[in-house]
Amino acid sequence: VKINIEDIDLEVITVMVGGNPIQNYEGFGGTFASLADSCIRKKVLPGVFEEGIIANVELKNNNLLLSLSGEYVDDRIIDFMDIALKNTGAFPVQKGTASFLVEVKR
Amino acid sequence: MALKTAQEYIESVKKLTPKVFIGGKRVESLLDDPTTLTVVNATAKIYDLAQDPKHKEVMVATSHLTGEPINRNLNVARSTNDLDMRQEMALLTSQSVGTCNYRCVGCDAINGLAATTWEMDRDLGTDYNKRFNEFLAWAQTNDLACSGAITDAKGDRKKRPSQQDDIDMHLHVVDKKSDGIVVRGAKVSQSGAIGAHETMVLPGGALREGEEDFALAFAIPNGTPGLTYICQYNAYTAEREAADNIWELGNPLYGQRETSTMVFDDVFVPWERVFLFGETKYCGRLVMRFAKTHRMNCGGACKVGFADLIIGGTLLAAEYTGVEKISHIQEKIVDMIRFSETSHACAIAAAVRGREEPKGSGVYLPDDLFGNAAKLNIAHGFWEILKNAGDIGGGGVVTMPKESDLDHPEIGKWVKKYFASAAPAEKRLRVMKFLQHWSAGLHGPGTWHGAGAPQTQRFMMSVLTDFDAKKKMAKEIMGIKDEEE
């Protein structure tokens with residue numbers, strides 16, 4: 001069996017903070033579902049120590065809309081999301097068209 | 001992506017913040033805690049070895065999936081040469097870090113899964129092998145560190161998983177959803193998951209019809225919410241936490257073997273990462289395939305690498321005290337080599353006598369009898385090696401003061417004076433501590449139980465051996481004829 005890595009159904013997820021696209025992440029299939037499950041069922045951002053950080057979460061198809069509690073500056077939120085995506089097994093990428101979106105509001 | 005460098009691996013785990021507890025305290029950074037840092041150091045060293053041209057044949061393989069060069073820890077053996085290089089990798093990594101390489105169980109789990117998912121797809125028409133191959137190709141392309149988790153908490157050993165008072169004693173599924181499953185339970189004595197990107201989770205053993213909820217194999221990223229790692233805590237942990245200077249410790253950079261209990265508190269696993277779900281009939285085969293590979297590597301190569309270090313330290317201890325030419329010392333050193341090399345010979349035999357399993361899968365697994373012989377031999381031999389190291393190292397191995405006492409304003413002069421022998425006190429204390437780390441450390445019980453306690457190997461060897469054939473041979477030589485013949 002030969003596999004072309006380009007043919008694998010990897011997931012590209014765009015993270016938007018404050019309405020701006022910040023970074024694309026690529027993960028194996030199910031990465032977005034794992035992240036969504038963490039936020040909705042567990043009410044946590046993977047790898048982020050701060051508890052009760054998720055004020056509200058909404059899943060619409062392939063879009064995850066997160067509202068965070070607390071007074072965090074954008075750079076801190078970007079850092080939270082970087083930690084969350086990396087702890088879900090995704091890596092920052094420059095390439096690829098995103099099929100999934102995580103939008104974060106304060 | 002090319003093979004990761006050690007530094008790239010370290011960069012990749014900087015933001016990995018799995019929920020890790022050591023001695024009741026939450027670890028905030030894997031790189032800042034002195035104990036978890038040893039796991040990162042050892043894992044980084046394995047990446048480093050793969051970059052070294054002189055170790056390329058052992059550490060680097062060609063992916064049968066992508067055709068690209070990959071770290072051998074992510075390789076599926078496709079020939080007896082692959083198996084031989086696999087066991088040589090276990091030897092080299094142990095010689096290089098003097099502790100667990102933390103990717104061994106993951107590698108052997110990958111090989112067990114490659115064989116068994118192929119077999120399930122053939123027999124059942126499932127698509128586990130496709131899923132698994134895609135996951136593996138992705139892991140190879142990103143050069144991910146994959147650890148492995150097998151052993152359940154088990155509870156009351158008299159009872160089957162479904163009969164336990166607390167069903168969580170064996171990892172099991174608690175919810176099945178459209179996009180994945182939710183699992184609960186624990187895996188114990190797990191080596192190195194805290195510093196890995198992913199962990200391959202297998203069933204703890206063979207399962208029967210009616211135990212489908214426990215029949216699970218999957219891959220999980222280590223920062224997944226619901227996963228908690230409760231690390232081992234012992235005198236060596238406390239010593240490292242208290243140390244001002246790690247070079248006073250027996251294995252300064254890489255430490256003792258670090259394990260944890262992985263608690264799965266309703267952890268979500270997407271279907272893409274599930275490689276066995278409910279197929280009880282295949283659990284025993286999967287675990288057996290993992291075990292036969294792991295016994296070759298763990299028993300016949302990994303511990304042989306440790307033995308090389310212990311023998312080296314023992315030789316130095318003998319030289320530093322001036323006893324290296326005494327005949328009984330030399331005999332004991334030779335005994336240490338005998339115990340070690342016979343195990344390595346079994347690993348080489350297991351690899352060379354390996355075969356494709358199942359036929360048509362393209363996956364090669366080692367000879368089971370030689371692999372079990374390697375593990376059983378070293379389980380006993382390792383204690384003998386440790387005993388001789390303690391013997392030749394002398395009582396000072398456990399009665400020595402702290403190395404930094406050499407610099408103490410009041411007692412330093414006496415430590416220098418009375419611990420000097422055929423070598424200065426500095427060298428003697430350093431090698432004594434090294435031998436203490438082994439002979440009074442955690443590796444004795446670790447070697448006994450790792451890859452299954454010896455009773456498992458005894459059972460396997462009795463199953464794999466044709467006793468009747470041996471009796472028949474003996475009868476023929478002696479001319480014994482039974483009435484029915």
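**Notes on the A/B contact and one buried lysine**

1. Chain B brings 36 residues to the contact and chain A brings 30, with contact meaning heavy atoms within 4.5 Å. Keep in mind that this is a predicted model, where local features need pLDDT of at least 70, side-chain atom pairs count only at pLDDT 80 or more, and totals for chains, interfaces and linings use all residues. Residues are numbered from 1 along each chain as its sequence is written, chains are lettered from A in the order in which they are written, and side-chain values use heavy atoms, with hydrogens and water left out.

2. About 2,600 Å² is buried between chain B and chain A, 60% of it from carbon and sulfur atoms; that is the accessible area (1.4 Å probe) the two parts lose on being put together, summed over both. On the chain B side, B:Lys15, B:Trp138 and B:Pro225 lose the most, together 26% of what that side buries.

3. B:Lys15 also pairs up with A:Asp79 in a salt bridge at 2.6 Å, N to O. The count between the chains is 3 salt bridges (a side-chain nitrogen of Lys or Arg within 4 Å of a carboxyl oxygen of Asp or Glu).

4. Worth a look: B:Lys303, which sits in helix H8 (residues 283–321) of chain B. Leaving aside residues up to four places away in sequence, B:Lys303 touches B:Arg257, B:Cys298, B:Ile378, B:Phe382 and B:Thr447.

Notes
Helix = DSSP H or I, 4+ residues; strand = E, 2+ residues; numbered from the N terminus.
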